[in-house]
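Here are some notes for when you have the model open. Have a look through it first, then read on.

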Number of protein chains: 2
Amino acid sequence: MVRYAKRMEQLTQSDIGDLLKLIAQPDIISFAGGLPAAELFPVEQLRQACDAVLDQIGQVACQYSSTEGFPALREKIAQRMKDKNNIETDADHILITSGSQQGLDFAGRVFLDKGDVVLMESPSYLGAINAFKGCEPTFLEVPTDDGGMNVEALEKILSTTENVKMIYVIPDFQNPTGRTWTLERRQKFMEVVNRYEIPVIEDNPYGELRFENDTLPALKSMDPKGLVVYLGTFSKILVPGYRLGWVCASDEILSMFNFIKQGADLQTPTVTQLEVNQFMEMFDLDEHVDVIRETYRHRRDVMMEAMETYFPKEVKFTHPDGGLFTWVELPDYINSRDMAVQCLEKKVAYVPGDSFFPNGGKYNCFRMNYSGMPDDKIVAGIQAIAEVIRANLK
Amino acid sequence: MVRYAKRMEQLTQSDIGDLLKLIAQPDIISFAGGLPAAELFPVEQLRQACDAVLDQIGQVACQYSSTEGFPALREKIAQRMKDKNNIETDADHILITSGSQQGLDFAGRVFLDKGDVVLMESPSYLGAINAFKGCEPTFLEVPTDDGGMNVEALEKILSTTENVKMIYVIPDFQNPTGRTWTLERRQKFMEVVNRYEIPVIEDNPYGELRFENDTLPALKSMDPKGLVVYLGTFSKILVPGYRLGWVCASDEILSMFNFIKQGADLQTPTVTQLEVNQFMEMFDLDEHVDVIRETYRHRRDVMMEAMETYFPKEVKFTHPDGGLFTWVELPDYINSRDMAVQCLEKKVAYVPGDSFFPNGGKYNCFRMNYSGMPDDKIVAGIQAIAEVIRANLK
């Protein structure tokens with residue numbers, strides 16, 4: 001009889017995969033994914049970049065290359081982190097990964113033994129929960145409000161809990177809530193982190209997708225002890241289908257990620273790294289980001305307006321300044337999983353909120369994505385969800 | 001103070017990475033890597049395939065896609081496994097991975113808890129050892145000779161050892177020895193495996209690179225109980241820089257690999273999958289394999305002849321029927337690590353053999369690759385190594 005590792009018990013008990021498969025019907029209005037708008041992908045520019053790479057350095061593109069990643073791409077990433085996030089770094093402190101999901105997986109493997117404690121915002125990104133579960137840690141949720149993580153609560157946990165090995169956070173346009181931490185909260189958080197010297201995984205896939213107000217400094221830019229592991233990705237600013245992300249960390253920590261990368265898949269594909277590097281040499285990535293930012297801002301507005309118009313007043317939702325998601329809270333007695341099934345009957349989908357709590361138990365919330373659907377579908381979808389909510393009100 | 005997971009102790013203690021970096025000098029004659037011959041890559045054909053994909057289905061290529069992989073590519077792989085290896089399977093039993101290295105990493109995570117036992121040929125592929133180490137197993141080496149794994153020794157281990165969770169083997173043109181299991185050994189092995197019901201990881205990156213004699217049936221083709229997890233890859237038959245491999249396994253086992261893949265990196269890049277699929281629709285992969293097979297056969301011949309001519313008679317080496325590697329055994333008293341440093345001074349490199357023994361301790365062997373160097377460099381490199389060996393003879 002085949003016996004699996006114990007970690008598989010935790011990984012197979014979620015039923016979210018089944019739901020997401022149901023959602024993947026072609027005729028559905030889906031607010032469930034985190035899909036960028038495919039009609040905005042710079043496909044023709046990428047085609048020209050690919051052509052140039054295979055034409056000029058095709059043998060290099062097709063061959064094995066280093067575990068760390070293509071040097072010119074790592075330089076461009078380091079420069080971009082300086083320009084956009086005020087993070088002082090260089091190519092030597094960047095590891096190219098297969099999307100930032102791989103950075104999450106590696107973070108777990110670098111820091112977490114079975115039973116170790118990982119702290120997260122409550123709620124937090126389900127893909128991170130899923131990645132960390134493979135290391136069988138204990139999850140502790142830190143209370144979080146509209147300003148970010150509650151630092152007093154964090155400090156209380158740190159002062160009373162053994163074996164806290166890392167803290168996972170998404171300070172900008174959080175997944176799933178769309179919330180952004182205030183400057184004050186970031187400073188206080190880093191003050192506590194520096195005191196306790198706990199590694200922080202700062203996941204920032206959406207930071208460049210800010211619709212209004214000024215960019216706030218990344219935690220990594222307030223990191224004198226080199227405790228912050230910053231995860232970035234091209235998935236939301238360029239295309240996700242190339243699966244290119246990166247880890248930026250201090251020397252020793254990054255060397256640990258490199259060891260894991262070596263065993264995990266040797267290296268990220270050479271060809272995709274060279275092509276995205278070539279794209280950035282031939283074209284202006286900032287121009288492209290401007291285009292998607294405007295589109296997503298508009299769609300955010302359409303969704304916010306539709307929710308204000310059609311949702312009953314008992315329903316609360318966040319007003320994100322950027323990113324891809326808003327978070328909806330229903331009255332306590334409505335179960336968003338049951339309601340998801342009713343919405344699917346009307347061909348509309350979202351992700352039920354309980355999956356975003358590592359220890360489960362909160363059933364009256366759900367996550368909505370506004371980047372992937374055109375205006376008319378956003379309005380029609382919100383109207384349909386509003387009807388279902390009304391039918392569930394007491 | 002930052003504390004890492006315990007697995008990092010095992011992963012960071014090897015110094016082979018330092019050696020491989022030394023070797024990566026541009027002016028070196030390297031027999032160290034497993035590099036395919038870059039000059040044979042079908043770069044122009046791949047360029048046309050990429051062009052077609054981004055021209056015709058660019059938005060799909062740039063978007064997220066399923067964890068399992070692109071259906072048309074999985075169908076082609078299943079068909080190829082039928083045609084080449086007589087394995088009855090279909091697209092539903094294929095998961096696309098980032099090279100077969102990722103399949104190795106996943107195998108460890110699916111089956112191995114800390115302290116569980118994994119069995120391997122002695123010696124075996126160092127990348128597999130490295131991947132499994134992340135799960136902190138106990139490695140047991142099964143004696144192996146020119147005919148393959150010693151099945152009596154295997155059975156003795158299985159009948160006396162608890163917690164054997166998987167057996168990792170490379171029956172065709174093994175890495176590092178170049179050896180191929182006989183038909184009889186394969187049958188006996190599967191008879192024992194079926195009796196004990198232990199999962200087998202059959203790693204077959206080189207199977208199609210056979211220079212002479214008939215193809216022998218894959219273990220996966222003698223697998224009535226669905227115990228064999230077959231790992232394949234495009235790295236050695238097409239190009240490694242796209243990082244495309246696959247896992248073929250029975251329903252339940254494959255679903256476990258899918259769970260791990262989801263948390264590890266969501267999916268293999270959409271764009272590379274579509275491009276290799278397109279390449280296989282537009283061009284004849286078999287024709288390309290014929291070309292590289294002929295070249296590698298020739299290079300094998302050149303290396304064998306040079307070793308017979310120049311190596312002292314005290315040195316033994318294998319005569320592979322295919323694949324990329326031959327395995328050299330020196331007299332007991334010569335340390336191949338020390339000799340590697342002496343060879344590097346003459347600008348020639350190989351991989352010292354001790355890295356291929358999971359429990360270490362055997363220092364008089366080394367692995368030689370013949371696929372990556374042209375004829376003149378093979379001869380010059382062998383002459384240089386022969387000189388160093390002579391200087392070390394007692």
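How many salt bridges are there between chain B and chain A? My notes below start with that.

1. The count is six, between chain B and chain A, taking a salt bridge as a side-chain nitrogen of Lys or Arg within 4 Å of a carboxyl oxygen of Asp or Glu. One to look at is B:Arg109 with A:Asp105, where the closest N and O atoms are 2.5 Å apart.

2. Before going further, some ground rules. This is a predicted model, where local features need pLDDT of at least 70 and side-chain atom pairs count only at pLDDT 80 or more, while totals for chains, interfaces and linings use all residues. Residues are numbered from 1 along each chain as its sequence is written, chains are lettered from A in the order in which they are written, and side-chain values use heavy atoms, with hydrogens and water left out.

3. On the interface itself: 73 residues of chain B are in contact with 73 residues of chain A, contact being heavy atoms within 4.5 Å. About 6500 Å² is buried between the two chains, 57% of it on carbon and sulfur atoms; buried area here is the accessible area (1.4 Å probe) that two parts lose on being put together, summed over both.

4. How are the two copies related? Chain B superposes on chain A through a rotation of 180 degrees with 0.0 Å of shift along its axis, at RMSD 0.0 Å (least squares on the C-alpha atoms of residues with pLDDT of at least 70 in both). That is the relation of a two-fold axis. The same surface serves both copies, with 100% of the contact residues of chain B recurring in chain A.

5. A:Tyr64 deserves a zoom. You'll find A:Tyr64 in the loop between α3 (43-62) and α4 (71-85) of chain A, helices being DSSP runs (H or I, at least four residues) numbered from the N terminus. Among the residues A:Tyr64 touches are A:Leu266 and A:Gln267, plus B:Gly34, B:Pro36 and B:Arg243 from the other chain. The side chain of A:Tyr64 also makes a polar contact with the side chain of B:Lys236 at 2.5 Å; that term means a pair of N or O atoms within 3.5 Å, where within protein one must be able to donate a hydrogen and the other to accept it, and residues adjacent in sequence count only if both atoms are side-chain atoms.

6. Within chain A, A:Tyr64 and A:Thr270 are 206 residues apart in sequence, yet 6.7 Å apart in space, C-alpha to C-alpha.

Definitions and conventions
Helix = DSSP H or I, 4+ residues; strand = E, 2+ residues; numbered from the N terminus. Lists of a residue's contacts leave out its neighbours within four places in sequence.
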